[in-house]
Structure formats: structure tokens, C-alpha cells
Protein chains: 2
Amino acid sequence: MSTLSQNNMKKHRKPLKLESFLPYRLSLLSNTVSSNIAATYQDKFGISMPEWRIMAILAEYPDISADEVCQRTRIEKSVVSRAVARLLARHLLGRTFDESDKRRSSLCLSETGLTVYDEVMPIAESFEKKLIEKLTKEERLSLSILLDKLQNEAEIK
Amino acid sequence: MSTLSQNNMKKHRKPLKLESFLPYRLSLLSNTVSSNIAATYQDKFGISMPEWRIMAILAEYPDISADEVCQRTRIEKSVVSRAVARLLARHLLGRTFDESDKRRSSLCLSETGLTVYDEVMPIAESFEKKLIEKLTKEERLSLSILLDKLQNEAEIK
DNA sequence: GAATATTAGTTGCAGGAACAACTAATGTCA
DNA sequence: TGACATTAGTTGTTCCTGCAACTAATATTC
């Protein structure tokens, strides 16, 4: 493997240091974390990341509509639609159509879905645990506050 | 717009709270930040996110190979290959083939590329600035340290 | 109550990313 | 030297995402 060149950096104008550029670091971190987790879900259970998130949100909030799943997971509605279709086909979810409003239906984990959820959930938790295991209590709190602040700032258009 | 249901959460097993699950929060934040930035680069300059990153790394480290670009930006090599091809076609980059090793070539920003870079760079910086403007000096330092720790942890397989 | 707007959800499609297979050049080692 | 391995980079393919257009149902407004 070739090593990276040393000291061939030229200051011409004012270079943006990509390695320390916050949006890049966030992207890299998220990507590193997610790709590990996604590969595990996929390999062991054949479940994609959005599928897993939908299952997780339905475990927490059963019997909500696809639209509410979108709002809660922030997953785009076409992605939710297709993910829900796959989960229904695999009988991991159930859908109940609303009699009074025929546009609406509510979704929930099936018994099988709950079983799968109960298998995946501890794995998800252990990923998070490992990620923060070196952090002190204070650091974890601080991280959480900082992420919230950044999220708030990022959402202001 | 329909409001989210209140209080229909059932504790059946032990739900994973998606909203506070760190990998999810990182993904959401990164996505929120990146999609804003990417849209700006795309709309104003017709440059994709990987293209911009490649330009930024070449501004910092001129005359490196495509392979070194991969290592430094962590962008997958096929993505780099195609992005570089587009940037070359638009004459934003120059490529010099290595005489002694015909596999290798080194890349650098062209004059035009530098001009574009000089236009985009302040915009990139202002995005970052806005993102962290509400944070104190201490919080910024803390954030940086925490992100490094998480990145290190995430990279251990 | 008819025209229009909005909402829930699906589908078509285009662009991007990941992985593998591939070409071509160079390195290694018997 | 010759077989094999490695490296740089390209291309094919598949999957995923996001936007927009669409259908069907309900709400609104005049």
C-alpha cells in the first residue's frame, strides 16, 4: 500500500482543511457508524437500515400511519412506502385499514416482527454502547447537548 | 398537516428510542447538514459533494494521485474515478501522467478549478461557521474531541 | 353541491454509492 | 526469466435515495 505524501501541501490561497471541516467529519463518522450497523442488520436478518428504523419506531409507537412513520423517522415517504411493502410481504408488519378514512391505515409489528425486533434491538444497543464506552458520563451528556444544538442549527434554513 | 399521535407508546419489551439512538442522531445530523450544502454546490456550481471534496483535498495537497485522493477523502475509488473524469472533462483539474510508472498520474486543480474553488470555499466555510456559531469556544473544542473519540471507536472493527 | 385544495400513499425515474470484475502496469521471488 | 501477486485506475451492475408525478380519498370554499 502506498503511503500518503508528506509535506507536499502548498498554501496558495487559503485551503479548506477537509479533515477538520465539521460537515465532512460528521459525514465520515455517520458513514463509518452506519455502514457497520447496516451490514450487520443486512447480513444477519436481511433487513435494511430504513426497514430497521421503521420497525424500531413501530415498536415504540405501535399503530401509527405510514405518514407518521415518515415524520418520526424522517425517512422520505417513497422510501417508507417501499420498505413497508417489503416488511408486509415478509409478514413482519401488519396493516389495518381505517374504516372512517379510507386513505389511512395503521401499521404495527406482527408477532414475527416483534420476535425479529427483539433479536435485533440488543445488537443495535450494543453498537451504541461500544461507540460511547470510552466516554465519561459528562462527555456523554455533553455530546448529546452538542448534537441537539447542531441539529437545531442545521434545520434552520 | 397531521400531528403526531400523543401517548400511544406501549412498553411491550424494551423499546429502542430511535430519537435518542446515537447512530440515528448522527445519521440525521449528517444528512441534514450535507443535503443543504450539497444542494448549494450543485445548484450554484454544478458540483457534486464528492467532486467538491476532491477539489478541496487537491487544493490542500496538489499533485497527488487518484489513489491518494481516495485515502485522504475516504471516497470509494470508483466514485473518485468518475468524479475525476467529470472534473477533467470540465477542465477543473489537470492530470499529469507519471513517466516512470505508467499506472500512476497526479492530479491538481487547473486555473479554472482554482477559481471555482475560491468561490466555493467561502460558502463552505460559512456553512460550518453558521453551524457552530451558537457554540462557545469550549463547546467547539469539546465537540471536536468527542467526534475524534467516536470516529476512533467506530473504526475499530 | 360543484370546483378546488389537501392528504395518504404508490410508482416512475434519474442520480449517486458500493462492490466486484476487469485492464494494464509494476513488483516479487523462486 | 517466468509465474504469481500487487497496485492504479476504469467500468459494469445493482441497490438506494429523493424528487416529482400520479391515484384515490377527504376537506374546504364559494
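Predicted model: local features only at pLDDT ≥ 70, side-chain atom pairs only at ≥ 80, totals over all residues.
Visitor: How many nonpolar, polar and charged residues has the contact of α2(B) with α3(B)?

Guide: Ala, Val, Leu, Ile, Met, Phe, Trp, Tyr, Cys and Pro count as nonpolar, Asp, Glu, Lys and Arg as charged, and the others, Gly among them, as polar. By these classes, the contact of α2(B) with α3(B) has four nonpolar, one polar and two charged residues.

Visitor: Are α2(B) and α3(B) roughly perpendicular or roughly parallel to each other?

Guide: Two packed helices are described by the angle between their axes and the distance between the axes. Axes are lines fitted to C-alpha atoms, for helices over the stretch in contact, and angles run from 0 to 180 degrees between N-to-C directions. The axes of α2 (residues 49-60) and α3 (residues 66-73) of chain B come within 10 Å and cross at roughly 105 degrees. Angles under 35 degrees count as roughly parallel, over 145 as roughly antiparallel, 65 to 115 as roughly perpendicular and the rest as oblique, so α2(B) and α3(B) are roughly perpendicular.

Visitor: At what angle do α2(A) and helix α5 (residues 111-132) of chain A pack?

Guide: From α2(A), the residues A:W52, A:M55, A:A56 and A:A59 meet A:G113, A:V116, A:Y117, A:V120, A:M121 and A:A124 in α5(A). That contact divides into nine nonpolar, one polar and no charged residues. The axes of α2(A) and α5(A) are 10 Å apart, and the angle is about 105 degrees.

Visitor: Is α6(A) oblique or roughly perpendicular to α5(B)?

Guide: Here a helix of chain A, α6 (residues 137-155), packs against a helix of chain B, α5 (residues 111-132), with axes 8 Å apart and an angle of about 125 degrees. This angle makes α6(A), relative to α5(B), oblique.

Visitor: Which residues of α5(B) make the contact with α6(A)?

Guide: α6(A) passes α5(B) in a right-handed crossing (left-handed if the near helix is turned anticlockwise from the far one by less than a right angle, right-handed if clockwise). The residues of this contact divide into four nonpolar, no polar and two charged. α6(A) contributes A:L150, A:E153 and A:A154, and α5(B) contributes B:K130, B:L131 and B:I132.

Visitor: What radius of gyration has chain A?

Guide: The C-alpha atoms of chain A fill a box of roughly 70 × 35 × 35 Å along the principal axes. The radius of gyration is taken over C-alpha atoms, and the globule rule is 2.2 Å times the number of residues to the power 0.38. A compact globule of 157 residues would come near 15 Å, but chain A has 20 Å.

Visitor: Is A:Y61 buried or exposed?

Guide: A:Y61 lies in the loop between α2 (49-60) and β1 (64-65) of chain A. Buried means under 20% relative accessible area, exposed over 50%, and partly exposed in between (1.4 Å probe, protein chains only). With a relative accessible area of 12%, A:Y61 is buried.

Visitor: What is the relative accessible area of A:R74?

Guide: A:R74 sits in the loop between α3 (66-73) and α4 (77-89) of chain A. Its phi is near 65 degrees, a positive value in a residue other than glycine. A:R74 counts as partly exposed because its relative accessible area is 46%.

Visitor: Near what value is phi of A:H91?

Guide: A:H91 is found in the loop between α4 and β2 (93-97) of chain A. A:H91 is exposed, at 56% relative accessibility. Phi of A:H91, a residue other than glycine, is positive and near 60 degrees.

Visitor: How far apart in space are B:E99 and B:E111, C-alpha to C-alpha?

Guide: B:E99 is in the loop between β2 (93-97) and β3 (105-109) of chain B, and counts as exposed at 67% relative accessibility. B:E99 and B:E111 are 12 residues apart in sequence, and their C-alpha distance in space is 23 Å.

Technical notes. Residues numbered from 1 in each chain as written. Chains lettered and ligands numbered in written order. Heavy atoms only, no water. Helix = DSSP H or I, 4+ residues; strand = E, 2+ residues; numbered from the N terminus. Contact = heavy atoms within 4.5 Å.
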